[in-house]
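Q: I would like to learn how to read a structure one feature at a time. Could we go through it together?
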Amino acid sequence: MPEAPNNSTTDYNTLTEKNKKCLEFIEDVTSNPDEVQLRVLSDILTQNATVEYLHRHGLSGQTDRETFKKLVPVITYDDLQPDITRIANGDRSPILSSHPISEFLTSSGTSGGERKLMPTIEAELGRRTLLYSLLMPVMSQFVPGLEKGKGMYFLFVKSESKTPGGLLARPVLTSYYKSNHFKERPYDPYTNYTSPNETILCQDSFQSMYSQMLCGLCLNQEVLRVGAVFASGFIRAIRFLEKHWAVLCNDIRTGTVNPVITDPVVKEAVLRVLKPDPALAEFIERECSKSSWQGIITRIWPNTKYVDVIVTGTMSQYIPTLDYYSNGLPLVCTMYASSECYFGVNLNPLCKPSEVAYTLIPTMAYFEFLPVGNNDQDQEPNPVDLSEVKLGQDYELVVTTYAGLYRYRVGDLLRVVGFKNKAPQFSFICRKNVALSIDSDKTDEVELHQAIEKASGHLVPFDATLIEYTSFADTTTIPGHYVIFWELSVKGSSTHVPPSVLEDCCITIEESLNSVYRQGRASDKSIGPLEIRLVEPGTFDKLMDYAISLGASINQYKTPRCVKFAPIIELLNSLVVSNYFSPKCPKWFPGHKQWNNMN
Ligand code: AMP
């Protein structure tokens, strides 16, 4: 990275000026969002006037909202799959976008067990950079002086694959970190991280984490903010420190890098930061060897002002753990984004996690909103515009992007909780149909059901059948893991299902889950082994009695396939007779199954 300019007054003035411009931009686009949205839609439709998809739906160059809404349907990924498959197989004609599709971004949302592929174009990188550039000017209004220190962010790249037609397929953040927008970013005190680029770009997740942690420890006094993308990732980093602090301290004491770092580029980058510092090593050792890790973040990085991680949506399950490790530092959710499109920013970042609201930036894409609740299955969905949403109403987000998604249902449910000027602000309610999630995995009930049905086949030779089940995402372990409560009926009291068979059931469930789950287990190690807890006969009747005592209707009661309510989990746990873990990791390969000739 280039050196910091040395004239600090000018530097500060430039920074203030830059911040002012960003805040003015936000003021501007939120003051007339509908005008901006009309312009964005017209730009997208002009740019893509000749694409096959729009022609197919009867659009022949019109760029006005009315015609667009009349002719172009609201769709889901399944509707788009044939076009995506053509592009993946090498069709370079302008199917969705007049600009060449530069790569596919692999979403953590899946279809048929595989990651969804989102087309993207080169210019989208600029739009992502723009959204990132708004975050620190917003933050600096609330926490001044952040330019004086560093951010310790644990950022990672994941493996990439190639489609049969030769396009790269990789997660959006991997694409971003590997782009020049990130690698060649000009010096900016707000993107001054403790992790050298080489450590972030290291493909080996262990070496990447080790080297990032080592640099973060060496620079502990300079760190003013810490974070990762999602809460689960940050907790994994703390867990890593718990396991490896002794060797890390050894490196700090001696100024040498442990041989676990075999990547010469990473080693060299770390050695630029690492200097022998016995006093620091001793200090870290003292803190880490204390029996309690409460407040470990503020103890080791004493100047930290906040923890920058997403704790909205399913990530809210990690708030208590983060509060514990950080001694209640503010948990800051700065942005809301996806592979399809980067959506918006939190303009009040020091608010409580439960009050986080994201302001969609109207220049990012053309946004529409499907009202939730009045969505008759047989009726054509009728989304409203950004300027038409109502306070307190829930909506599913629909986007039209520069990269060639038209009226695409993202699957996120949002609630309007306020306004910035004339632009609505949304709280993130949930991703539709997600029953279980530990990291970026999203497992729905149907998938879970199919996986469990398949696994229960192992019980047949033992005259046992699965009567009922439910599940929960257990985040008390690090990493968290899926827990499935099973009630079995066993014919003939002498029959007994051997533990190894129940372990086979665990691994069969895991093998049947989607590729994001299996990647989390096998490659990222962000999800722990799946656990089956056998419960006493009659447990699910007790569960029903309990639900009815809380007001559930006896006629309508259905066993929940996923439970979150602590008293219910406690009840289930109190009736567990034995438990079994998956004995190995499920199989996972980068890229889609069909690209690897595995079907
Ligand atoms: P991906 O498809 O893997 O790019 O993940 C994008 C999805 O992650 C979004 O559609 C949301 O469901 C979720 N997500 C992203 N940002 C946030 C956020 N700030 N709060 C809650 N969920 C988020």
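Q: Where is the place of Leu248?

A: This is a predicted model, so the values are computed from its coordinates. Leu248 sits in helix H11, residues 231-254.

Q: Is Leu248 buried or exposed?

A: The cut-off for buried is under 20% relative accessible area. Leu248 has a relative accessible area of 0%, so it is buried.

Q: Leaving aside its neighbours within four places in sequence, which residues is Leu248 in contact with?

A: With those neighbours left out, Leu248 is in contact with Tyr210, Met213, Leu214, Leu217, Phe240 and Leu241.

Q: Where is Ser195 found, and what is its relative accessibility?

A: Ser195 is in the loop between helix H8 (180-183) and helix H9 (197-200). Its relative accessibility is 1%, so it counts as buried.

Q: Which polar contact joins the side chain of Ser195 to another side chain?

A: The side chains of Ser195 and Gln212 are joined by a polar contact of 2.9 Å. The side chain of Ser195 also reaches the backbone oxygen of Tyr153, at 3.3 Å. Not counting residues up to four places away in sequence, Ser195 touches Tyr153, Ile200 and Gln212.

Q: How should I read a strand, and which residues lie on each side of S14?

A: In a regular strand the side chains alternate between the two faces of the sheet. In S14, one side has Asp394, Glu396, Val398 and Thr400, and the other has Tyr395, Leu397 and Val399; all are buried, and both faces are covered. Seven of the seven residues of strand S14 (residues 394-400) are buried, so the strand is largely enclosed by the rest of the structure.

Q: How many bridges pair S12 with S14, and how many join S14 to S15?

A: Strand S12 (residues 366-371) pairs with S14 over six bridges in the antiparallel sense. In that pairing, Glu368 stands opposite Val398 of S14. S14 and S15 also run antiparallel, joined by five bridges, and Asp394 stands opposite Arg415 in S15.

Q: What is the order of strands in the open sheet with parallel pairing?

A: The order of its four strands is S3-S6-S7-S8. Strand S3 (150-154) and strand S8 (331-332) stand at the edges with a single partner strand each, so one side of each has no neighbour in the sheet. S8 pairs with strand S7 (residues 306-310) over two bridges, in the parallel sense. Asp308 has Val332 in S8 as its bridge partner.

Q: What is the order in the open sheet with mixed pairing?

A: That sheet has four strands, in the order S2-S1-S5-S4. Strand S2 (114-120) and strand S4 (161-162) are at the edges, each with a single partner strand, so one side of each is left without a neighbour in the sheet. S4 and strand S5 (residues 168-170) run antiparallel and are joined by two bridges, with Ser161 opposite Ala169 in S5.

Q: Which residues come nearest to the ligand?

A: The ligand has 14 residues around it, and Ser107, Ser108, Thr312, Ser339 and Asp412 come nearest. A polar side-chain atom of Ser107 lies 2.7 Å from an oxygen atom of the ligand. For Thr312, a polar side-chain atom lies 2.6 Å from a nitrogen atom of the ligand. An N or O atom in the side chain of Tyr358 is 2.9 Å from a nitrogen atom of the ligand.

Q: How much of the ligand does the protein bury?

A: The ligand taken alone exposes 490 Å², and the protein buries 91% of that.

Q: Which element gives the most residues to the shell around the ligand?

A: S9 gives the most, with three residues. By class, the shell has seven nonpolar, five polar and two charged residues.

Q: What should I look for in the backbone, and which peptide bond is cis?

A: Most residues other than glycine have a negative phi, and most peptide bonds are trans. The bond from Ile478 to Pro479 is cis, with omega near -5°. Pro479 is in the loop between strand S17 (464-474) and strand S18 (481-490). Asp463 has a positive phi, near 55°, and is partly exposed, with a relative accessible area of 43%.

How values were computed:
Residues are numbered from 1 along each chain as its sequence is written. This is a predicted model: local features need pLDDT of at least 70, side-chain atom pairs count only at pLDDT 80 or more; totals for chains, interfaces and linings use all residues. Side-chain values use heavy atoms; hydrogens and water are left out. A residue is near a molecule or strand if one of its heavy atoms lies within 4 Å of it. A polar contact is a pair of N or O atoms within 3.5 Å; within protein, one must be able to donate a hydrogen and the other to accept it, and residues adjacent in sequence count only if both atoms are side-chain atoms. Accessible areas come from the Shrake-Rupley method with a 1.4 Å probe; for residues, only the protein chains shown count as cover. Ala, Val, Leu, Ile, Met, Phe, Trp, Tyr, Cys and Pro count as nonpolar, Asp, Glu, Lys and Arg as charged, and the others, Gly among them, as polar. Buried means under 20% relative accessible area, exposed over 50%, partly exposed in between (1.4 Å probe, protein chains only). Contact means heavy atoms within 4.5 Å. Two strands pair if DSSP finds at least two bridges between them.
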